[in-house]
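Please report on the cavities, strands, cores and pocket of the model shown here. Keep it brief.

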Amino acid sequence: MKSEEVIRAEGYHVPVLCEESVQALVTDPNGIYIDCTFGGGGHSRRILEALSPKGHLFGLDRDPDAARECHIEDPRFTFVRTNFRHLRHFMDFYGIEQVDGILADLGLSSHHLDDEQRGFSFRFDGPLDMRMNSKGGQTAAELITALDRDQLGALLATYGELKGSYRIATLLKEASERGQLSTIGELLTAVAPVVPERDKQSLAKLFQALRIAVNDEIGALHQLLSDGCQLLAPERRFVVITYHSLEDRPVKHFFRTGNIEGIRQTDTFGAPITPLKPLQAKPILPSQEEIALNPRARSAKLRIAIKQGNSED
């Protein structure tokens, strides 16, 4: 299968649920589409294969590495180095009023996890960074320094759902105040009394919480859902791949009710106001064959929604 083999050979990222997401996304080969999370370009390359010479694809990514690795030379493709929370702004810049499909794969790329200098994985003793855009913003170490103990504990509880989050926050703050929290190794040493290195699950939750906060991932997702829904043409599709409940829940709610809280709203006649309609009741999951090929796909969930037509239709 071309797409996965090419990306694996490049060593950047194996796209998750690639065929399923592209088949759901591309309903008009002549249309305009957006890949909000370009990464290594696996989904984008497959989308381009599905488009006609009249179609066009915009690929968005905030990471400078993605820009350097973008080797797509195709007049039907435009790369935009930006956070997808700025989707509407850049579509206005390019004069795009409506699009025929939006795709977002919310997972970390293999490149991020395997690059020890980015600080996303506790497998390496690199800088305590965790920024998606390595050229700007606060690092994880700087974030921990800036927050007080209670703020940090609340962050770890909310984004990591960690037991003992306030005790972990205390240990992190103490290490930071001693000037011993600039690397992954120093973080692991600091939290060892509560989260030993053998407790991989808790460490994963800790790293998830810090990464989400550093990159404001939940805020960016909420903005994407709202702006993407407005940008999408009627009867066209919004396709999102999630990896944990903190991002899957708002996507599920928004697709069903039009708001991230999942609150059903009705018009004066009691009819539900829902700009989108889920294509399936439950998400599409990766096959066992895909998980065997790419273990990082095991927690992925693919959700698809269709933009409702105009009320007068």
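## The second largest cavity

By class, the lining of the second largest cavity holds six nonpolar, one polar and four charged residues. Here Ala, Val, Leu, Ile, Met, Phe, Trp, Tyr, Cys and Pro count as nonpolar, Asp, Glu, Lys and Arg as charged, and the others, Gly among them, as polar. The residues are Lys252, Phe255, Arg256, Pro278, Gln280, Ala281, Lys282, Pro283, Leu302, Arg303 and Ile304. Helices (H or I, at least four residues) and strands (E, at least two) are DSSP runs, numbered from the N terminus.

The volume of this cavity is about 70 Å³. Searching the whole structure gives two cavities of 30 Å³ or more. On a 1 Å grid over the protein atoms alone, a cavity is a set of points where a 1.4 Å probe fits but cannot get out; a pocket is an open set with protein on both sides within 12 Å along at least five of seven lines. Lining residues have an atom within 4 Å of a point. Grid points are joined across faces, edges and corners, and a volume is the space filled by probe spheres set on the points.

## Basis of the model

This is a predicted model, in which local features need pLDDT of at least 70 and side-chain atom pairs count only at pLDDT 80 or more, while totals for chains, interfaces and linings use all residues. Residues are numbered from 1 along each chain as its sequence is written, and side-chain values use heavy atoms, with hydrogens and water left out.

## Strand pairing

E7 also takes part in strand pairing. Two strands pair if DSSP finds at least two bridges between them. Strand E5 (residues 232-242) pairs with E7 in the antiparallel sense, over six bridges. Strand E6 (residues 276-278) is also antiparallel to E7, with three bridges. Alanine 305 in E7 stands opposite phenylalanine 238, and alanine 305 is also the bridge partner of proline 278. Six of the seven residues of E7 are buried, where buried means under 20% relative accessible area, exposed over 50%, and partly exposed in between (1.4 Å probe, protein chains only).

E5 also pairs with strand E4 (residues 99-105), in the parallel sense and over six bridges. Aspartate 105 faces isoleucine 241 in E5, and alanine 104 faces valine 240. Eight of the eleven residues of E5 are buried. E4 is largely enclosed by the rest of the structure, because seven of its seven residues are buried. Strand E1 (residues 32-35) runs parallel to E4 and is joined to it by three bridges. In that pair, isoleucine 34 stands opposite isoleucine 102 in E4.

## Nonpolar cores

A nonpolar core is a set of buried Ala, Val, Leu, Ile, Met, Phe, Trp, Tyr and Cys residues joined through side-chain atoms within 4.5 Å. The largest has 31 residues, and Leu128, Leu156, Leu172, Leu187 and Leu206 touch the most other members. Two or more residues come from each of helix H7 (140-146), helix H8 (149-160), helix H9 (165-177), helix H10 (184-191) and helix H11 (200-215). H11 gives the most, with six residues.

Which residues does leucine 187 touch, not counting residues up to four places away in sequence? They are Leu128, Leu172, Leu181, Leu206, Phe207 and Leu210, with contact meaning heavy atoms within 4.5 Å. A second, separate core has 27 residues, including Val99, Leu221, Cys229 and Leu232.

## The largest pocket

The largest pocket has a volume of about 980 Å³. Its lining has 32 residues, of which Ala204, Gln208, Arg211, Arg298 and Ser299 are the closest to the centre. Helix H6 (110-114), H8, H11 and H13 each give two or more residues to the lining. H11 supplies the largest share, six residues. By class, 14 lining residues are nonpolar, eleven polar and seven charged.

## Positive phi angles

Methionine 130 is not a glycine, yet has a positive phi of about 75°. Methionine 130 sits in the loop between H6 and H7. Its relative accessibility is 0%, so methionine 130 counts as buried.

Glutamate 161, also not a glycine, has a positive phi of about 50°. Its place is the loop between H8 and H9. Glutamate 161 counts as partly exposed, because its relative accessibility is 46%.
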